[in-house]
Amino acid sequence: MNDRPVPSLFEWAGGEPAFARLINAFYDRVEKDELLAPLFPGGVSRAHREHVTVWWCEVFGGPARYTAEHGGYATMLAHHRGLNLQPEQRFRFATLMSRAADDATLPDDPEFRAALVGYVEWGTRLALANSQEDADPVLEAPVPRWGWGVAPPYLP
Ligand code: HEM
């Protein structure tokens, strides 16, 4: 064991440029996807891509800019309410995020990818539930901060 500090997922991924690559690669795939493209009529705007990148950076341990500049959790929730997402759309969303991580050449070590898909699985299930007409979501909460969970990075 060494005593080096454990980097955040944000740092390990490569910071903001890495998350911008991830989110752009993801929405490039979404725009071509028959289940997800209809949710973004006219394509996924640059503003949407930038806002979601800011969200992801905050969640993974980067600057808390979605909280400071975009209204935090309540704004994100409001964007999903009433979308009436379907389970197959959720699953496709999660699958394309894994593919996009490869497209964007994010680190592919098992620990990082486990943390990434853990967050995607968690977040997409909440989005699916909160998007239903009869949902009763938590209205105020902090933006989540995701961590390494049970498998921290291998630091020889
Ligand atoms: C980890 C899961 C997810 C995260 C982190 C996430 C994040 C976000 C954020 C931050 C926004 C607001 C962007 C802004 O501030 O302008 C947003 C909007 C949106 N999300 Fe998600 N989302 C997730 C899951 C999903 C899923 C599963 C779907 C569909 C299958 C979806 C579809 C949408 C759509 C259509 C909008 C735009 C709604 C509008 O502009 O009115 N999201 N998402």
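## Helix packing and a ligand shell in a predicted model

Leaving out residues up to four places away in sequence, Val6 touches Trp148, Pro152 and Pro153. Touching, or being in contact, means that the C-beta atoms of two residues, placed from the backbone, lie within 7 Å. Val6 and Trp148 are 142 residues apart in sequence. In space they are 9.3 Å apart, C-alpha to C-alpha.

This is a predicted model, in which local features need pLDDT of at least 70, side-chain atom pairs count only at pLDDT 80 or more, and totals for chains, interfaces and linings use all residues. Residues are numbered from 1 along each chain as its sequence is written.

Val6 lies in the segment before helix H1 (9–13). Helices are DSSP runs of H or I with at least four residues, strands are runs of E with at least two, and both are numbered from the N terminus. Is Val6 buried or exposed? Val6 counts as exposed, because it has 12 C-beta neighbours inside 10 Å. The cut-offs are these: 20 or more other C-beta atoms within 10 Å of a residue's own make it buried, 12 or fewer make it exposed, and counts in between make it partly exposed, with C-beta atoms placed from the backbone.

Axes are lines fitted to C-alpha atoms, for helices over the stretch in contact, and angles run from 0 to 180 degrees between N-to-C directions.

| Pair | Angle | Axes |
|---|---|---|
| H2 and H3 | about 130 degrees | 9 Å apart |
| H2 and H6 | roughly 125 degrees | within 8 Å |
| H6 and H7 | roughly 155 degrees | within 10 Å |

Angles under 35 degrees count as roughly parallel, over 145 as roughly antiparallel, 65 to 115 as roughly perpendicular, and the rest as oblique.

Take H2 (residues 15–31) and H3 (residues 46–59), which pack at an angle of about 130 degrees. H2 and H3 are therefore oblique to each other. Their crossing is right-handed. A crossing is right-handed if the near helix is turned clockwise from the far one by less than a right angle, and left-handed if anticlockwise. H2 brings Glu16, Phe19, Ala20, Ile23, Asn24 and Tyr27 to the contact, and H3 brings Arg49, Val52, Thr53, Trp56 and Cys57. By class, this contact of H2 with H3 has 7 nonpolar, 2 polar and 2 charged residues. Ala, Val, Leu, Ile, Met, Phe, Trp, Tyr, Cys and Pro count as nonpolar; Asp, Glu, Lys and Arg are charged; the others, Gly among them, are polar.

H2 also packs against H6, with axes that cross at roughly 125 degrees. H2 and H6 are therefore oblique to each other. The crossing of H2 and H6 is right-handed. From H2 come Leu22, Ala25, Phe26, Arg29 and Val30; they meet Leu96, Met97, Arg99, Ala100, Ala101 and Asp103 of H6. The residues of this contact divide into 8 nonpolar, no polar and 3 charged.

H6 and H7 cross at roughly 155 degrees. H6 and H7 are therefore roughly antiparallel to each other. Their crossing is right-handed. Here Pro87, Arg90, Phe93, Ala94, Met97, Ser98 and Ala101 of H6 meet Arg113, Leu116, Val117, Val120, Glu121, Thr124, Arg125 and Leu128 of H7. The contact of H6 with H7 has 9 nonpolar, 2 polar and 4 charged residues.

Ala100 sits in H6. It is buried, because 20 other C-beta atoms lie within 10 Å. Which residues does Ala100 contact, leaving aside neighbours within four places in sequence? They are Leu22, Ala25, Phe26 and Arg29.

Asn84 lies in the loop between H5 and H6. Its phi is near 55 degrees, a positive value in a residue other than glycine. Asn84 counts as exposed, with 12 C-beta neighbours inside 10 Å. Thr105 lies in the loop between H6 and H7. Thr105 is not a glycine, yet its phi is positive, about 50 degrees. With 12 C-beta neighbours inside 10 Å, Thr105 counts as exposed.

### Around the ligand

A residue is near a molecule or strand if its C-beta atom, placed from the backbone, lies within 6 Å of it. There are 20 residues around the ligand, and His51, Trp55, His79, Gly123 and Ala127 come nearest. H3, H5 (72–80), H6 (87–103) and H7 (110–130) each supply at least two residues of this shell. By class, the shell has 10 nonpolar, 9 polar and 1 charged residues.
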